[in-house]
Amino acid sequence: MSTALLEVKNLKMHFPIEEGLLFKKQVGAIRAIDGISFEIKAGETLGLVGESGCGKSTTARTIAQLYKATEGEIIFNGRDLASLDSRELLSERKNIQMVFQDPYASLNPRMTVTEIIAEPLIIFKNRGLMTISKKEITERAEFLMEKVGLSSFFRNRYPHEFSGGQRQRIGIARALALNPKLILADEPVSALDVSIQAQILNLLADLQSEYNLTYLFIAHDLAVIEYISTRVAVMYLGKIVEVSSSKVIYKKPLHPYTEALLSAAPIPDPEIEKKRKRIVLSGDVPSPDRARTGCYFYDRCPKKMEICKNNIPELTETGEGHHVACFLYFSP
Amino acid sequence: MIDRNDVILKVDNLKTHFRTDEGIVKAVDGVSFSLRKGETLGFVGESGCGKSVTNLSLMKLIPSPPGRIVDGKVLFHDRDILKMKENEIRGIRGNKISMIFQDPMTSLNPFLKISTQLVETIILHQKKNEKESRKRAIEMLELVGIPAPAKRIDSYPHQFSGGMRQRVMIAMALSCNPEILIADEPTTALDVTIQAQILELIKDLSEKLGTATILITHDLGVVAGMCDTLNVMYAGRIIEKSDVSTLFSDPKHPYTIGLIKSVPRLDKKTGQKLYSIKGQPPNMIGMPECCPFHPRCEHTMDICRKKYPPVYDNGSGKTVNCWLFPAEPGNYSDEHKSADEHHMTGGAV
């Protein structure tokens with residue numbers, strides 16, 4: 001079995017809520033991530049799924065060191081990213097790249113496709129971290145365009161001349177420019193139409209097997225996650241509630257939240273839809289602005305017990321590689 | 001019991017075009033359908049296929065210029081909405097036909113209390129004074145499942161979550177007992193667990209109140225559970241129309257087949273590659289009179305590049321616009337016919 005490429009240990013990311021005009025003082029915190037641990041092995045895809053505001057994107061951004069984590073360790077390739085100085089971090093960051101959700105907002109409208117794809121290479125060249133000639137850079141950009149299914153004939157065009165799916169391809173080419181090991185894909189297909197979504201998912205799968213990439217794949221669509229992931233982690237309110245291989249978790253979900261999530265997802269087949277019984281959760285996701293002493297899912301859980309009120313369930317292994325944070329399966 | 005054969009809305013050859021600097025965009029180009037009492041009709045298709053414009057046209061909500069309804073009839077109880085005067089239409093909008101929009105964050109006025117916005121609709125359309133209207137508004141909020149409605153009615157929209165705001169929109173849309181509810185992507189901005197709540201609510205209420213519903217969405221899973229009949233749109237036209245179970249079990253148009261196959265599914269074994277339709281949706285400016293799907297289709301024949309396919313009707317309410325199914329019934333599902341023969345048939349039409 002391959003070793004972990006990325007290991008996240010007890011990661012917390014709290015955003016301060018401040019009050020006061022001149023003398024700001026912290027009055028609270030949004031606990032976007034509240035203590036999560038997981039690992040991603042080289043070559044696998046970890047799917048991260050959950051509702052909006054549960055901390056999926058914050059997780060990706062904290063791993064990429066776009067935010068400074070409040071607490072916890074992010075160990076990539078055996079080194080804790082938070083402890084590195086800026087130069088070391090930059091060279092390590094070469095191996096971690098992001099693909100963003102909105103293909104309209106994530107590309108600079110004033111740059112041509114070649115400039116966009118080549119930008120990471122130029123940055124690394126200018127900082128002296130890479131020796132590459134101008135000609136090689138253009139060649140690499142054109143090669144990457146072809147690789148993601150765009151004709152290099154369009155190299156001097158601007159983003160507005162492309163459709164959403166094609167822009168997402170440009171974003172993927174940019175992420176590949178530095179030959180990264182890990183790609184953090186933050187909802188890369190949710191802004192796309194169904195027929196285009198399938199094209200991009202297939203492209204990502206092809207690239208993974210060709211370059212032995214490791215993905216952290218974030219989505220809210222459970223079917224998309226199942227299709228692309230080796231393992232799946234379900235997040236709720238800044239906590240991971242269940243982790244397992246995607247084969248197991250979809251067949252035998254353990255956590256009540258995972259069950260509800262799976263049963264809420266519509267299936268495109270009227271015969272199945274008619275027969276299905278839905279678990280409809282009551283209420284909305286609570287605000288993550290206060291510290292909790294009980295299970296994070298307590299307010300909405302259809303199976304809550306007395307014990308859940310004042311004890312936080314930790315992620316515990318209940319079967320082979322199947323971790324769940326719920327007192328239905330173990331006692332505190 | 002609802003009489004299912006009672007047609008309340010009949011749309012005939014609707015055409016809505018937009019004038020742009022580059023040319024005319026035929027956003028809706030000859031759409032016909034009818035809606036029966038109590039029926040739930042779905043519109044599916046990808047962005048830009050004209051599903052929203054079709055339904056905005058029904059209520060004459062197309063901004064003009066640049067948009068213009070150039071042709072067609074929208075018969076609501078045998079009266080043409082498109083020929084009505086503005087004040088007559090105002091009596092129908094929000095009263096007989098009402099809408100729920102995609103984004104519950106922007107479709108409520110952030111400056112006004114929920115009560116003001118709900119009561120306004122009721123006073124405008126029903127002969128009720130302010131006190132009665134407020135009572136009705138509170139009833140509606142209770143019906144859509146807002147806790148403590150008498151207290152929450154005086155809140156502002158920002159004090160509600162996304163799902164709650166969509167509930168308020170539904171309460172507003174149904175407060176005048178409309179005959180038709182048009183829901184334009186009502187759950188796209190919501191999370192799956194909230195989506196399940198809202199869909200359940202729309203389904204329950206339309207059954208309880210006998211409202212006919214038009215549901216516009218790009219999510220095939222949503223329509224599968226909600227609709228009786230489905231219209232699949234592509235490039236401004238309905239390319240396949242069918243009842244829901246036949247559409248999923250026996251899709252005919254290559255686009256519909258591709259669309260269904262390209263959705264990853266929770267209930268099916270994966271492992272093999274996902275099917276994908278090649279290419280991009282067409283640019284709608286100055287489209288030639290041919291099958292708009294032909295550059296992406298697997299069964300393209302010569303005729304597809306030259307003429308728009310006829311409407312094939314199998315007699316039981318299913319229609320397909322595709323040259324694989326020439327207009328005369330009887331040649332149905334003969335997919336292996338040679339391209340030449342099709343060409344001949346097409347030439348004769």
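Trainee: Let's start with chain B. Is Tyr234(B) buried or exposed?
Mentor: Tyr234(B) is buried, at 3% relative accessibility. Keep in mind that this is a predicted model.

Trainee: And Phe293(B), buried or exposed?
Mentor: Phe293(B) is buried, with a relative accessible area of 3%.

Trainee: How accessible are Phe15(A) and Tyr67(A)?
Mentor: Phe15(A) is partly exposed, with a relative accessible area of 26%. Tyr67(A) also counts as partly exposed, at 26% relative accessibility.

Trainee: Back to Tyr234(B) and Phe293(B): how are their rings arranged?
Mentor: Their centres are 5.2 Å apart and their planes are at 85°, so this pair is edge-to-face. The pair links distant parts of the chain, 59 residues apart. Tyr234(B) is in strand S9 (residues 229-234) of chain B, and Phe293(B) is in the loop between helix H10 (254-261) and strand S11 (311-313) of chain B.

Trainee: Which rings form a cluster?
Mentor: Phe153(A), Phe154(A) and Phe162(A) are linked into a cluster by ring pairs.

Trainee: What about charges sitting over rings? Which ring does Arg237(B) sit over?
Mentor: The charged end of Arg237(B) sits over the ring of Tyr308(B), 3.5 Å from its centre. There is also Lys261(B), whose charged end sits over the ring of Tyr275(B), 4.2 Å from its centre.

Trainee: New topic: the largest nonpolar core. Which residues there touch the most other members?
Mentor: That core has 101 residues, and those touching the most other members include Leu9(B), Phe33(B), Leu58(B) and Ile182(B). Helix H6 (residues 162-174) of chain B gives the largest share of this core, eight residues.

Trainee: What is Ile182(B) in contact with?
Mentor: Leaving aside neighbours within four places in sequence, the contacts of Ile182(B) include Asn55(B), Leu58(B), Met59(B), Ile214(B) and Ile216(B). Apart from this core lies another, of 72 residues, among them Val99(A), Ala173(A), Ala198(A) and Cys301(A).

Trainee: Now the open sheet in chain A. In what order do the eight strands come?
Mentor: The order is S6-S7-S8-S3-S9-S10-S12-S11 (chain A), with mixed pairing.

Trainee: Which strands stand at the edges?
Mentor: Strand S6 (96-99) and strand S11 (316-319) of chain A do; each has a single partner strand, so one side of each is left without a neighbour in the sheet. On average, neighbouring strands of this sheet are turned by 20° against each other, direction ignored.

Trainee: How many bridges join S6(A) to S7(A)?
Mentor: Four bridges join S6(A) to strand S7 (residues 182-186) of chain A, and the two run parallel. The bridge partner of Met98(A) in S7(A) is Leu184(A).

Trainee: Which strands does helix H6 of chain A touch?
Mentor: Helix H6 (residues 194-211) of chain A packs on the sheet, touching strand S3 (45-49) and strand S8 (214-219) of chain A. The direction of this helix makes about 160° with that of S8(A).

Terms used
Residues numbered from 1 in each chain as written. Chains lettered and ligands numbered in written order. Predicted model: local features only at pLDDT ≥ 70, side-chain atom pairs only at ≥ 80, totals over all residues. Heavy atoms only, no water. Buried < 20%, exposed > 50% of the residue type's maximum accessible area, 1.4 Å probe, protein only. Phe/Tyr/Trp six-rings, centres within 6.5 Å; stacked < 30°, edge-to-face > 60°. Lys NZ or Arg CZ within 6 Å of the ring centre and 35° of its normal. Core = buried A, V, L, I, M, F, W, Y, C linked by side-chain atoms within 4.5 Å. Contact = heavy atoms within 4.5 Å. Pairing = 2+ DSSP bridges. Axes fitted to C-alpha atoms, helices over the stretch in contact; angles between N-to-C directions.
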